[in-house]
Amino acid sequence: MWRFFVELLSYLSFVCVICLIAFLNRSPTEFFQAQYLRQLFLNPNSATLNFQQITTITHYWNWLEESFVNNIVSEQWYNGRPDNTSQGYIIDKTNRLVGWATMRQLRIKADTCKVKSTIKSLIPMCYDDYSASTEDKRSFLPGWITNTTIGNYSSPIGNYSSTVNQAYIYKTSEQLDTYVYVGELATYRSGGYVYEFRGSLSELRNDLFQLHELGWIDVQTRAILIQLNLYNPVEPLLTSVTIVFELLSSSGGVPSAQFQPLNLYIFKTVFQIDGSSKILPECTLPLTGKSVVDLIITEKCVFEVNPEKGLILTEIADGYTKDDIIKFTGCPIIISDTVKPMQQVQNK
């Protein structure tokens, strides 16, 4: 009997640890972030641009050209004046793009299913559902024009931009560094034909217009995956967004979307585990955002970040002196003339 209670206690302790790990870092802001981005990109309350109501290629192009592309670029203020300070942010000027948004298409080969001879005159070619064996991996010229000599070019061909030309070149998973996606209708491999949303709003609109006119999405298309990563420095939250439109072989389409926020831990000490300083003269890791930090708060002090002057010491915690902060910091700092004791942040 005693052994039973010991095992029960061990099991309950294990369950408690698992629950703490799984739920302790959950925050309501993650839910609100996902909900907000869902409203922004999917337009659930719109009568004409509701992504969740899309069933045809024409409806998808309307949503892409009139809604989505306008939301991933911030070029104007609410009053129509140009905004030159929010480059890299989406239209809300709060969430910043990490890298750029991409649109990846997966296609099937032509004539992938057999047509009976009795109806061959009515249905000359048949297009099957998506699978690894039916996926098309050839490269084309714009307009899906076959060219056996085509290579991995990057220069524009004809009157099309390099990004439009590249949208017709098949990229492998190694080139794209992407992953297999499990959709509503099939499991899609990690390669495909990719268009990158790079450039100004007018350039993006022009590219989408050209892709639309060239029939980039056609009867051989089986899935379009739009993927982007957003960083919200206010919370801070990193959100992975995947918007998918899958096409049936019998016509029609199935829209779906995933918004996955991840709460990031902010360091609260000026030291690494090995004792070295975390505040350095230059960043030694890949940049996710340049000149976006204007305040650094640690357990010892507070720095204001001035783009021209550098770090300015404004507050010092109890038990530390200015000389201590200079010693602990791995780069030159400027001591403000009005340094004050470090204040405790009050939760609202």
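Trainee: Is Ser-251 buried or exposed in this predicted model?
Mentor: Exposed means over 50% relative accessible area. Ser-251 comes out at 53% relative accessibility, so it counts as exposed.

Trainee: Where does Ser-251 lie, and what is its phi near?
Mentor: Look at the loop between strand E10 (237-247) and strand E11 (253-263); Ser-251 lies there. Its phi is positive, in a residue other than glycine, with a value near 90°.

Trainee: And Asp-177, where is that one found, and what is its phi near?
Mentor: Go to the loop between helix H5 (173-176) and strand E6 (181-182), where Asp-177 is found. Asp-177 isn't a glycine either, yet its phi is positive, near 55°.

Trainee: Does Asp-177 count as buried or exposed?
Mentor: Buried would take a value under 20%, exposed one over 50%. Asp-177 has 71% relative accessibility, so it's exposed.

Trainee: On to the open sheet: which strands stand at its edges, and why?
Mentor: Four strands make up this sheet, with mixed pairing, in the order E12-E13-E14-E15. A strand with a single partner has one side left without a neighbour in the sheet, so the edges go to E12 (295-297) and E15 (333-341).

Trainee: By how much are neighbouring strands of this sheet turned against each other?
Mentor: Take the average and ignore direction. The turn is then 20°.

Trainee: In which sense do E14 and E15 pair, and which residue is the bridge partner of Leu-311?
Mentor: E14 covers residues 310-316, and its pairing with E15 is parallel, over five bridges. For Leu-311, the bridge partner sits in E15 and is Ile-333.

Key: Residues numbered from 1 in each chain as written. Predicted model: local features only at pLDDT ≥ 70, side-chain atom pairs only at ≥ 80, totals over all residues. Heavy atoms only, no water. Pairing = 2+ DSSP bridges. Helix = DSSP H or I, 4+ residues; strand = E, 2+ residues; numbered from the N terminus. Axes fitted to C-alpha atoms, helices over the stretch in contact; angles between N-to-C directions. Buried < 20%, exposed > 50% of the residue type's maximum accessible area, 1.4 Å probe, protein only.
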